[in-house]
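These are my notebook entries on one structure, kept in the order in which I looked things up. I put the structure here before the entries.

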Amino acid sequence: MATNPGILSEWPWKRLGSFKYLVLAPWVAHGCHLAATKGWRELDLGYVAILPSMLLRALHDQAWITVSRLYNARGKRQIVDRGIEFDQVDRERNWDDQIILSAILLLLGSLYLPGGQNLPWWRTDGAVLLALLHAGPVEFLYYWFHRALHHHFLYTRYHSHHHASIVTEPITSVIHPFAELLAYQLLFSVPMITCALTGTASIITFEIYVIYIDFMNNMGHCNFELVPNRLFEWIPPLKYLMYTPSFHSLHHTQFRTNYSLFMPFYDYIYNTMDKSTDTLYENSLKGKEKEVDVVHLTHLTSLQSIYHIRTGFAQYASKPYTSMWQLRIMWPVSWLSMVLTWAYGSWFTVERNSMKKLRMQSWAIPRYNFHYGLNKEKEAINDLIEKAISEAGKKGAKVVSLGLLNQAHSLNGSGELYLQKYPKWGVRLVDGTSLAAAVVIHTIPQGTNQVILAGKISKVARSVAAALCKKNVKVIVTNKQEYHLLKPCIPENEDGNLVLSTTSTAEVWLIGEGLDDAEQLRAPRGTEFIPFSQFPPKMARKDCCTYAMTPAMGVPESMQNVHSCENWLPRRVMSAWRVAGIVHALEGWSEDECGDAVLNLEKVWSAAIMHGFRPVAQL
């Protein structure tokens, strides 16, 4: 909210939460009633087209969000080189409120405004009139209204809410208190009301005008420069009639300049044009994709995960991943997204972070979990990972964190395949085993003298078992095959601490993938389940048993541009595998951690703590 919220700041349907679209139900019912009683041929097409057009507006806005976040993740042509945080995402989560308000105003106008009924598809005279009214009265009135909003009285009560976002995203354009946005909507309706009253209104003219406002609003707040300089060279007067993202970005950083809506000529007339506008515009166009120090490789998990990545739905990505019915019914779109990402055939940047002087990016391999179980995908996946690592080296990366790609051990030996092919690559490959194992060990309650280790035996499981046996903690395995897999990892003088038994009453279970419900039900009441896997286990026990988080650590305050959750993890928490790559780069270690290689667990843990990463229990 604003610094000192004024009257009508809160949106009327705020208390409805996710059910706010119910406010449109009366018009939906009315439209259905008209269709049932009059038939489609006698319907007022302008009236019934309003709600579908609002859906198209939402899709248009979402497209801008996705494109903007993809560009800003790469750092190309970026205007303000700063990140955004969760508080901004939360503040901007209700960007669709303005679409609901627009729909209500348009529906009321179509029903009750003289000349607003049974509009023709097109009228040229109405289009010309609307364009002139926007360039004249609308732009002029907006300019002075906007300047008034920067007066202390109105700024603290209304406009400061919008300016809380220094680094803008497309949806920032419509984040205002209710009263302020209502004033904007009424101002933008002046040309449409005039056209209706003069009998020159048309459906296409109104649709184009609404799309124009959305397009220019989104473009002006996207924080990367996309308007080519050639456009202004070809049409010099256009600089007075069309703003750029860098033009409006200066308004958010300087506050007292560049007040115009979409046409900067009023800033020229009243001498409020920022003197650095042209310089910032040219420098932003020259901005190249930034070099990177650490690349975290990951991949999509379930079909719905496409919406949870940073470039998907901002509100959804800002919370731990959960399956939602709203997204499940979008399965045709999910399948189409899967096909498109698969056909794209290359990694794509989904996130950019910084910590101290370290620059980090997360790259997604366009494959889902199930692809790793398909033999025909083995070669393609390895080729994608190999190309991504090679490209990371070209961009200056010192470390590549394999992240979720660790599950591809059977495909490439946790990265060993790439080291064998390119021994002089120059990029350190880190699978994060040591830190993940250290997190598991430090999650075990102090004083524990025995644990049960169950589930699929991974590299992390072997490291944990070896470290616990060294500390004289009994590691009990209930499966003979798993026992024989672990036995060679334990030194002879410590292998007495590795026990094969099916009758243990240990109340700490270290669990991996593949642990079924029946095995969990064998655990005594009050058991603490601690995963060593990358994916969270199915929680089969509800009787006083507890389940720890998958190996992860809280990130330090110095890490910036963290405004999405990593899969199922809470805010500002990263998986241990991802943190390991960051720590590796911060420490400047020269060795790889992939294949069978494992770094010293306590050394890696101490380094992570020293750099500000925290155990989840301390958050």
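I began with the lining of the second largest pocket, whose residues divide into 25 nonpolar, 18 polar and 3 charged. In this count Ala, Val, Leu, Ile, Met, Phe, Trp, Tyr, Cys and Pro are nonpolar, Asp, Glu, Lys and Arg are charged, and the others, Gly among them, are polar. I note at once that this is a predicted model, in which local features need pLDDT of at least 70 and side-chain atom pairs count only at pLDDT 80 or more, while totals for chains, interfaces and linings use all residues. Residues are numbered from 1 along each chain as its sequence is written, and side-chain values use heavy atoms, with hydrogens and water left out.

The second largest pocket is lined by 46 residues, and Leu106, Gln185, Ser189, Met192 and Val210 are the ones nearest its centre. Two or more lining residues come from each of helix 2 (45-48), helix 3 (50-74), helix 5 (97-112), helix 6 (124-149), helix 7 (152-163), helix 8 (178-197) and helix 9 (203-220). Helix 8 gives the largest share, 9 residues. I took helices (H or I, at least four residues) and strands (E, at least two) as DSSP runs numbered from the N terminus.

The space in this second largest pocket comes to about 810 Å³. For the terms, I worked on a 1 Å grid over the protein atoms alone, where a cavity is a set of points at which a 1.4 Å probe fits but cannot get out, a pocket is an open set with protein on both sides within 12 Å along at least five of seven lines, and lining residues have an atom within 4 Å of a point. Grid points are joined across faces, edges and corners, and the volume is the space filled by probe spheres set on the points.

I then turned to cavities and found 6 of 30 Å³ or more in the whole structure. The largest cavity holds about 260 Å³, and of the 18 residues that line this cavity, Thr298, Ile309, Val350, Glu566 and Asn567 are the closest to its centre. Strand 1 (294-299), helix 14 (305-308), strand 2 and strand 3 each supply at least two lining residues, with the largest share, 3 residues, from strand 1. By class I have 5 nonpolar, 9 polar and 4 charged residues in the lining of the largest cavity.

Next came the aromatic rings, of which I found 25 pairs in the whole structure. Rings of Phe, Tyr and Trp (its six-membered ring) pair if their centres lie within 6.5 Å, and planes under 30 degrees apart count as stacked, over 60 as edge-to-face and the rest as tilted. Because tyrosine 142 lies in helix 6 and tyrosine 184 in helix 8, the pair ties together parts that are 42 residues apart in sequence. Tyrosine 142 is buried at 9% relative accessibility, and tyrosine 184 is buried at 4%; buried means under 20% relative accessible area, exposed over 50%, and partly exposed in between (1.4 Å probe, protein chains only).

How are tryptophan 347 and tryptophan 363 arranged as an aromatic pair? I find them stacked, 3.8 Å centre to centre with 5 degrees between the planes. Tryptophan 347 lies in the loop between helix 17 (331-344) and strand 2 (348-355), and tryptophan 363 in strand 3 (residues 358-365), so this pair joins parts 16 residues apart in sequence. Tryptophan 347 is buried at a relative accessible area of 15%, and tryptophan 363 is buried at 0%. Ring pairs also link Phe140, Tyr143, Trp144, Tyr259, Phe265, Tyr266 and Tyr270 into a cluster.

My last entries concern single residues. Asparagine 118, in the loop between helix 5 and helix 6, has phi near 50 degrees, a positive value in a residue other than glycine, and at 57% relative accessibility asparagine 118 counts as exposed. Lysine 356, in the loop between strand 2 and strand 3, has a positive phi near 60 degrees and counts as exposed at 55% relative accessibility. Glutamine 88, by contrast, sits in helix 4 (residues 86-91) and is buried at 6% relative accessibility.
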